[in-house]
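Good morning, and thank you for making time for this presentation. Please have the sequence and the model before you as I speak.

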Amino acid sequence: MTRIPRHIGIIPDGNRRWALSQGLNKEDGYDHGISPGMDLYRILKDLGVEELTFYGFTADNTKRPTGQRLAFSRACVKAVEALSGEDASLLVLGNTKSAMFPKELIPYTERQTFGTGGMKINFLVNYSFEWDLGFHRGTLGPRMASADVSRVDLIIRWGGRMRLSGFLPIQSVYSDIYVIRDYWPDFSPQHVHEALAWYEKQDVTLGG
């Protein structure tokens with residue numbers, strides 16, 4: 001590959017549908033998404049990707065039944081704690097003033113360097129674009145909460161759905177989007193290589 005995206009966004013969708021396909025309860029699918037996330041991080045790190053953003057869960061996701069909400073919250077905590085054991089500059093972004101934000105992740109809401117640093121990792125937890133952009137009663141806040149996050153070159157979404165679901169709307173303004181039909185727990189390294197091969201063929205003009 002001659003052109004690797006500098007910043008890749010990940011939307012790991014399909015956990016509930018995967019669980020049902022395996023004869024499990026919907027909330028049982030989230031734990032199966034942690035290992036794929038670690039595999040993906042290591043693949044992209046080896047390829048030289050500089051920045052990676054994972055979509056953990058949105059503020060809208062917290063409207064789901066309590067069992068599912070607790071399950072995806074626990075999975076996000078486990079994922080962030082696992083990433084903190086790697087070489088990375090890690091930041092968790094989300095509305096910490098909401099009771100839906102996992103308190104275990106408060107220490108990660110200031111960017112920290114773990115190990116030897118290297119890849120910049122952003123993890124969106126209890127995230128919404130309204131919170132990010134500071135919307136309050138129809139007005140726009142003075143500064144984006146995600147100001148430390150750079151423009152996203154490529155977004156890869158698992159689960160077959162062709163939408164952004166509110167993922168970093170400002171940073172995604174010129175992102176190429178690659179959709180994988182397989183559910184996130186069925187992650188394969190081949191998914192990544194196919195997405196990067198597709199990206200390499202895109203004509204990136206940024207409007208020029």
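Predicted model: local features only at pLDDT ≥ 70, side-chain atom pairs only at ≥ 80, totals over all residues.

Residues are numbered from 1 along each chain as its sequence is written, and side-chain values use heavy atoms, with hydrogens and water left out.

Let me begin with strand β1. Helices (H or I, at least four residues) and strands (E, at least two) are DSSP runs, numbered from the N terminus. Strand β1 is mostly covered, with 6 of its 6 residues buried; buried means under 20% relative accessible area, exposed over 50%, and partly exposed in between, with a 1.4 Å probe and protein chains only. In a regular strand the side chains alternate between the two faces of the sheet. In β1 both faces are covered: H7, G9 and I11 are buried on one side, and I8, I10 and P12 on the other.

Which strands run parallel to β1? Strand β2 does, joined to β1 by 4 bridges, and so does β6, through 5 bridges. Two strands are taken to pair if DSSP finds at least two bridges between them. As for individual partners, H7 has E51 as its bridge partner in β2, while I10 stands opposite I156 in β6.

Strand β3 is next. Here 6 of the 6 residues are buried, so β3 is largely enclosed by the rest of the structure. Both of its faces are covered, with A88, L90 and V92 buried on one side and S89, L91 and L93 on the other. With β4 the pairing is antiparallel, over 3 bridges, and the partner of A88 in β4 is F114. With β5 the strand runs parallel, joined by 6 bridges; there L90 stands opposite I121.

I turn to the cores. A nonpolar core is a set of buried Ala, Val, Leu, Ile, Met, Phe, Trp, Tyr and Cys residues joined through side-chain atoms within 4.5 Å. The largest such core has 43 residues, and those with the most contacts inside it are I8, I10, L40, F123 and I156. Helix α3, residues 66–83, supplies the largest share of this core, 8 residues. A second, separate core has 11 residues, including L124, Y127, V152 and I155.

Leaving aside residues up to four places away in sequence, I156 touches I8, G9, I10, I11, Y178, I180 and A195, contact being heavy atoms within 4.5 Å.

A195 brings us to helix α5, residues 189–200. This helix has 12 residues and reaches 17 Å from its first C-alpha to its last, close to the 16 Å expected at 1.5 Å a residue; the expected span is 1.5 Å times one less than the number of residues. Its buried residues are H191, V192, A195, L196 and Y199. Viewed down the axis of α5, they fall within an arc of 125°, so they line one face of the helix. That arc is taken from the directions from the helix axis to the C-beta atoms. The elements covering these buried residues include β1, α2, β6 and β7.

Finally, the charged pairs. How many salt bridges does a search of the whole structure find? The search finds 12, a salt bridge being a side-chain nitrogen of Lys or Arg within 4 Å of a carboxyl oxygen of Asp or Glu.

One of them joins D13 to R157, with the closest N and O atoms 3.0 Å apart. D13 lies in the loop between β1 and α1, and R157 in strand β6, so the pair ties together parts that are 144 residues apart in sequence. R157 is buried, at a relative accessible area of 4%.

Another joins K120 to E51, at 3.9 Å between the closest N and O atoms. This pair links distant parts of the chain, K120 in β5 and E51 in β2, 69 residues apart. E51 counts as buried, at 1% relative accessibility.

A further bridge joins R111 to D148, with the closest N and O atoms 2.6 Å apart. Both partners are partly exposed: R111 has a relative accessible area of 25%, and D148 is at 37%. R111 and D148 also belong to a network of salt bridges that links R6, E50, E51, R111, K120 and D148.
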